[in-house]
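User: I have a structure open and would like to go through parts of it with you. Could you take my questions in turn?

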Amino acid sequence: MMNNSLKALLLVSALPFAANAADGLSPWYAGAGLGINNYEPNCDQKTMMTCGEDDPYAWDVFGGFLFNEHFGVELGYRDLGRAEWVDYSNVLNDVGARGLSLGLVAFFPIAEKWSLSAEAGAMDYLLYNNKDGGGQYYSDSGIAPYIGAGVGYQLTENLKLQAKYRRYENLDDDAFNTLEMESNYWGLELSYRFGESKKAAPAPAPVPMVKEEPKDSDMDGVFDEQDQCPATPSNHKVDSKGCTIYKDDVSTYTLGSLRFANNSSVINPNSYADIEKLANYMNQHPGSTVEIGGHASNVGNPDYNLKLSDKRAQATAKVLVEKYGIAASRVSAKGYGITMPVMDGNSDEAHAANRRVEAVVTGSEKVAVLK
């Protein structure tokens, strides 16, 4: 009969397993083993005269539960075979041990499919014999500790083959005090682990990237991602950043009746009113500059007329700066001679019209460059 303490240990150990579940491979496994057992001492106890023919073949069946991939608990039933001897009464005796076992087992992977194992536990053994030779009847039970080691190979995801060695201690006949045995077991075990591992879901097919067409919301020719000036008018020219290109507004300011006598660069005081109008315009547009251009009629030597036109321009610029306070840095003067007539011909009227001064004002304001 199984020892009561071992029964309690088996029951308590098994209770939490029922509630333990895992995805994929189950933590539960079962198996069977076959091997050879050798009892020690063999035919050298005080009651043994000679050895008989042993039946050393041992077997076991077992089930186990894995707490994780490296550690678990194993419950089994084992038959360790029989040994025979002749006692000093010339009687043939035999004895064997079998019973339930419970132990802890640990696994240590050493390669892709190879692993080592170690185990320790106890066997609730029962001694028995056949009494074939009319020998003494042995029937006793007890708890025998054991340790073991093994090497395993994973045949498939579920099947595992292991070579095992176990050492059992204290397989004793305490009832008659005639046997004190240990045991060495070598064998092969095949185990099956239930369930199957989760198959990795196939990677979803890559979704082809639909390249989005770049946008040009304000239709200025620069895509939105580079456009630093969104919503520019569609008729404006823009730079590489999508911003309107501006230019200085250039206007020609004609100094009205500012005319000069023939061969003269002297300004008639009556013409100062026209120069004053120019000064007022520039004061209203402080960012503007002016070029005073002097011109001459097509009478006489062209080189002389060029110098004369330059004097007329310089004289007008001087009045603009000194009399009306326009900064000299905003005023320039240049003579063009007879190269830019406003009236063709050799008449007195044409000569009078061409003896003039014009003002070209630049930068009075910025204007957008249109497409």
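This is a predicted model: local features need pLDDT of at least 70, side-chain atom pairs count only at pLDDT 80 or more; totals for chains, interfaces and linings use all residues.

User: Let us begin with the strands. Which way do E1 and E9 run, parallel or antiparallel?

Analyst: E1 (residues 25-40) and E9 (residues 179-195) pair in the antiparallel sense, over 13 bridges. Within that topic, Tyr39 stands opposite Ser183 in E9.

User: And how many bridges join E8 to E9?

Analyst: E8 (residues 159-173) is joined to E9 by 13 bridges, and the two strands run antiparallel. Asp172 has Glu180 in E9 as its bridge partner.

User: Changing topic, how many disulfides are there?

Analyst: The count is one disulfide. Cys229 is joined to Cys243, with an S to S distance of 1.8 Å. Both cysteines lie in the loop between E9 and E10 (246-259), 14 residues apart.

User: What is the handedness of that disulfide, right or left?

Analyst: The torsion about the S-S bond of Cys229 and Cys243 is about 75°, so the disulfide is right-handed.

User: Now the helices. At what angle do H2 and H3 cross?

Analyst: The axes of H2 (residues 272-284) and H3 (residues 302-322) cross at roughly 60° and come within 10 Å. H2 and H3 are therefore oblique to each other, and their crossing is right-handed.

User: Which residues meet there?

Analyst: From H2, Tyr272, Ile275, Leu278, Ala279 and Met282 meet Thr316, Val319 and Leu320 of H3. The residues of this contact comprise seven nonpolar, one polar and no charged.

Methods. Residues are numbered from 1 along each chain as its sequence is written. Side-chain values use heavy atoms; hydrogens and water are left out. Axes are lines fitted to C-alpha atoms, for helices over the stretch in contact, and angles run from 0 to 180 degrees between N-to-C directions. Helices (H or I, at least four residues) and strands (E, at least two) are DSSP runs, numbered from the N terminus. Angles under 35 degrees count as roughly parallel, over 145 as roughly antiparallel, 65 to 115 as roughly perpendicular and the rest as oblique. A crossing is left-handed if the near helix is turned anticlockwise from the far one by less than a right angle, and right-handed if clockwise. Contact means heavy atoms within 4.5 Å. Ala, Val, Leu, Ile, Met, Phe, Trp, Tyr, Cys and Pro count as nonpolar, Asp, Glu, Lys and Arg as charged, and the others, Gly among them, as polar. Two strands pair if DSSP finds at least two bridges between them. A disulfide is a pair of cysteine sulfur atoms within 2.5 Å.
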